Protein chains: 2
Amino acid sequence: LKSNTFHMSMLLDYYGELLTDKQRELFDLYYNEDLSLSEIAEHVGISRQGVRDAIMRGETILRDIEDKLGFVKKYSKYEPKLREIAESAAYIASVNAQVRNYEIAVRVDRISKLVNEMI
Amino acid sequence: LKSNTFHMSMLLDYYGELLTDKQRELFDLYYNEDLSLSEIAEHVGISRQGVRDAIMRGETILRDIEDKLGFVKKYSKYEPKLREIAESAAYIASVNAQVRNYEIAVRVDRISKLVNEMI
C-alpha cells in the first residue's frame, strides 16, 4: 500500500491544510510518524479498514491538487537553489575581502540579504 | 461589489485550477477581462444574478484556499527579489570584467544561472 513516503510528506506539507483535520491526522501518523494501519486504528479508535480508506482518500485528494497546481514540482526545487546562491554569495564575499572592491561588496551583500529573506 | 482586482487576479492565477471550468471562466471575464456582470450574463447566457453568485462563490473559495495555504502571500514576493538578485549578479559580473577575478566570475555565473532557472 504505502506510496512514496517522501513525496507524500511533501504533499502533506504543501497542501495538508486542504484536508479535514481527521484526514490530516491519519495521514501524518502514517507518512510522517510511520505508524502501521493497525497501530493508527488502535490509536484513534476506528477500524483498520477505516484508517486505510481515509488515508487513500487523502492521497487521492493531495495528488489531485498537485496535478492541478504543481507547487511541489515547482517550489520544492527552490530551496536547494537558494541555498546554493547563498553559498556562492558568501564565497564571493570572502574572495572580495582580499580584492576589496566596494561595488562588488555592496551588491553581494544585497544578494545575501535577499536570498536569506527567501530561505 | 468588485474586490481588489489585482489580488483576485493573483488568486485566480495561483489557484484557478481548483475552481470548476465555469467558475474560472466567469471569474476570468470579470477580473481579467474586466467585463461587467451584465456583459458576462449576456455572453454566457445566464442571469446577471447567476453570474454574480458564481463569482462571489469563486471569490470565497479562492480566499479560503489562500487563507489555508498562503502561497500568494509567500511566493508573490519571490519574483521581484529574484529579479533584483539577477540584476545584482549582472552588475557584479560587469564590475568583475575589470577586476578579472576568476573565482568571482565562476560564482557569479553560477548565481545568474540558478536565479534564471527560478524566474
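This is a predicted model: local features need pLDDT of at least 70, side-chain atom pairs count only at pLDDT 80 or more; totals for chains, interfaces and linings use all residues.

Visitor: Okay. How are chain A and chain B related?
Guide: Chain A superposes on chain B by a rotation of 180° with 0.0 Å of shift along its axis, at an RMSD of 0.0 Å. The two copies are thus related as by a two-fold rotation axis.

Visitor: And which surface do the copies use?
Guide: The same surface serves both, since 100% of the contact residues of chain A recur in chain B.

Visitor: Switching topic: how many aromatic pairs are there over all chains?
Guide: The search of the whole structure turns up 17. Take Tyr14(A) and Phe71(B): their ring centres are 5.9 Å apart and their planes are at 40°, so that pair is tilted.

Visitor: Where do Tyr14(A) and Phe71(B) lie?
Guide: Tyr14(A) is in helix H1 of chain A, residues 5-15, while Phe71(B) is in helix H5 of chain B, residues 71-75, so the pair joins two chains.

Visitor: Buried or exposed, those two?
Guide: Tyr14(A) counts as buried because its relative accessibility of 13% is under the 20% cut-off. Phe71(B) is buried too, at 6%.

Visitor: What about Tyr30(A) and Tyr31(A), how do their rings sit?
Guide: Their centres are 4.9 Å apart and their planes are at 80°, so this pair is edge-to-face. Tyr30(A) is buried at 6% relative accessibility, and Tyr31(A) is buried at 3%.

Visitor: Do tell me about clusters. Which residues do ring pairs link into a cluster?
Guide: From chain A you have Tyr14(A), Tyr15(A), Phe71(A), Tyr75(A) and Tyr78(A). From chain B, Tyr14(B), Tyr15(B), Phe71(B), Tyr75(B) and Tyr78(B) belong to the cluster as well.

Visitor: What lies over the face of Tyr91(B)?
Guide: That's Arg107(A), at 3.9 Å from the ring centre. In the other direction, the charged end of Arg107(B) sits over the ring of Tyr91(A), 3.9 Å from its centre.

Visitor: Last one: where is Lys68(A)?
Guide: Lys68(A) is in helix H4 of chain A, which covers residues 48-69.

Visitor: What does Lys68(A) touch?
Guide: Leaving out residues up to four places away in sequence, Lys68(A) touches Glu17(B) and Leu18(B).

Notes. Residues are numbered from 1 along each chain as its sequence is written. Chains are lettered from A and ligands numbered from 1 in the order in which they are written. Side-chain values use heavy atoms; hydrogens and water are left out. Helices (H or I, at least four residues) and strands (E, at least two) are DSSP runs, numbered from the N terminus. Contact means heavy atoms within 4.5 Å. Rings of Phe, Tyr and Trp (its six-membered ring) pair if their centres lie within 6.5 Å; planes under 30 degrees apart count as stacked, over 60 as edge-to-face and the rest as tilted. Buried means under 20% relative accessible area, exposed over 50%, partly exposed in between (1.4 Å probe, protein chains only). A charge sits over a ring if NZ of Lys or CZ of Arg is within 6 Å of the ring centre and within 35 degrees of the ring normal. Copies are superposed by least squares on the C-alpha atoms of residues with pLDDT of at least 70 in both.
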